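Please read the report below alongside the sequence and the model.

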Amino acid sequence: MPTGYVFHPHYLWHDTGTSDGLLPPDPSAGIPPGTHVGNADTTRRIHDLIHASGLLRDLVAIEPREATMTELLRVHTSDHVQHIKQQSDQPRGGDAGDGYSPVGRGSYRIARLAAGGLTELVTRVAEGEVTNGYALTRPPGHHATADHAMGFCLFNTIAVAARHAQTTLGLPRIAIVDVDVHHGNGTQAIFYADPTVLTISLHQANCFPPDSGALRENGAGAGAGYALNVPLPAGTGHAGYLHAMHQVVLPALDRFAPDLILLAAGFDANVFDPLARQMLTADTYRQMTRLLVDAAGRLCHGRLVAAHEGGYNPWYVPHCALAFLEELAGTTTHLPDLYAAVVAGYAAEPLLPHQRTPIEVAAQLIDRIKPAT
Ligand code: 3YP
Ligand code: ZN
């Protein structure tokens, strides 16, 4: 069965505006105007490569729709939704709250189209029209909590889709795997006390948000044990991420036995990314994806649905995303990986002891997940 693909031009029209990469321009403080690092260029280049490589022909295009208010309010407070709308209604947009999260004019409806696009994709998977899928959405979602936006994220797209799957699609147990290089703090917070949603975040330790994503953040109350973090030291690469997959992600998924696996597909752990210091290659993304596809095949009829998150190197991220999507679709474009030679040295770096330690500690926590009967 085929792979679904959600894309819409409006995802590129989410306008992150003028910025010195990250900060709002402030000439008197020495912050010159430039282009926001979360601009649409990388996303456009991913879509163009999916199209130009021929991979698009192997995918089922699924038209996104805006998330309904009911769907949004399963996750977010109505104050939060109204705040984003009000920023978005201003003639030149505004900021969602932390000073890093621009809201373009009209971005409210684009953020709803992102959440609704993933929700529609999950619906088509549940109905059996496609096995799995990828929603190439903007803005991203994994930092957004129930009541505030942060780190470029306005609404938590994955959380909205997860709640919809549970309440409407008959998929009660959801696992969310977040491979974005930053901690999936918003998703974790939304489900922190909920044992029906397992969140697993692999991220660079002490990166973003500050003081977030430590091993000791492991869920609370009825959800104790159902939030897992693998904070990997800066400089972790292919060997470390694959070890974390084998030692933590796959055993946790097997024990939890989800009905659906959602993937926060950030590509900003790539070796050339400006917003972190990890060393993954396109082949790392390919191999991680193959493992997740296999896990979804044995656990939940192949139901693996990915939402795009971060990834900021405009020339390498599209190749990482293509490798990921080829594996998801179980096909190949036969395009050579011309960057493979360039990254060969990084890819060969061995797993170092200080990278192994957090993986071993996280692996000990899997026992806290009650095995599915
Ligand atoms: C937000 C402000 C500094 C780092 C940036 C991270 C955005 C991202 O890709 N989150 O997953
Ligand atoms: Zn990120």
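## Terms and basis

A polar contact is a pair of N or O atoms within 3.5 Å; within protein, one must be able to donate a hydrogen and the other to accept it, and residues adjacent in sequence count only if both atoms are side-chain atoms.

This is a predicted model, in which local features need pLDDT of at least 70 and side-chain atom pairs count only at pLDDT 80 or more, while totals for chains, interfaces and linings use all residues. Residues are numbered from 1 along each chain as its sequence is written, chains are lettered from A and ligands numbered from 1 in the order in which they are written, and side-chain values use heavy atoms, with hydrogens and water left out.

## Ligand 1

Tyrosine 312 places a polar side-chain atom 2.5 Å from an oxygen atom of ligand 1, and aspartate 268 has a side-chain N or O atom 3.1 Å from an oxygen atom of this ligand. Histidine 143, in turn, has a polar side-chain atom 2.6 Å from a nitrogen atom of ligand 1.

The residues around ligand 1 (a heavy atom within 4 Å) include Leu22, Tyr100, Phe152 and Phe208.

## The zinc ion

The zinc ion (ligand 2) has as its protein donors (N, O and S atoms within 2.8 Å of the metal, or 3.2 Å for Na, K and Ca; water is not among the atoms, so sites may look incomplete) Asp180 through two OD entries, His182 through ND1 and Asp268 through OD, at 2.0 to 2.7 Å. Along the chain these donors follow the spacing D-x1-H-x85-D.

Aspartate 180 is buried (under 20% relative accessible area, with exposed over 50% and partly exposed in between, using a 1.4 Å probe and protein chains only), at 1%, and histidine 182 is buried at 6%.
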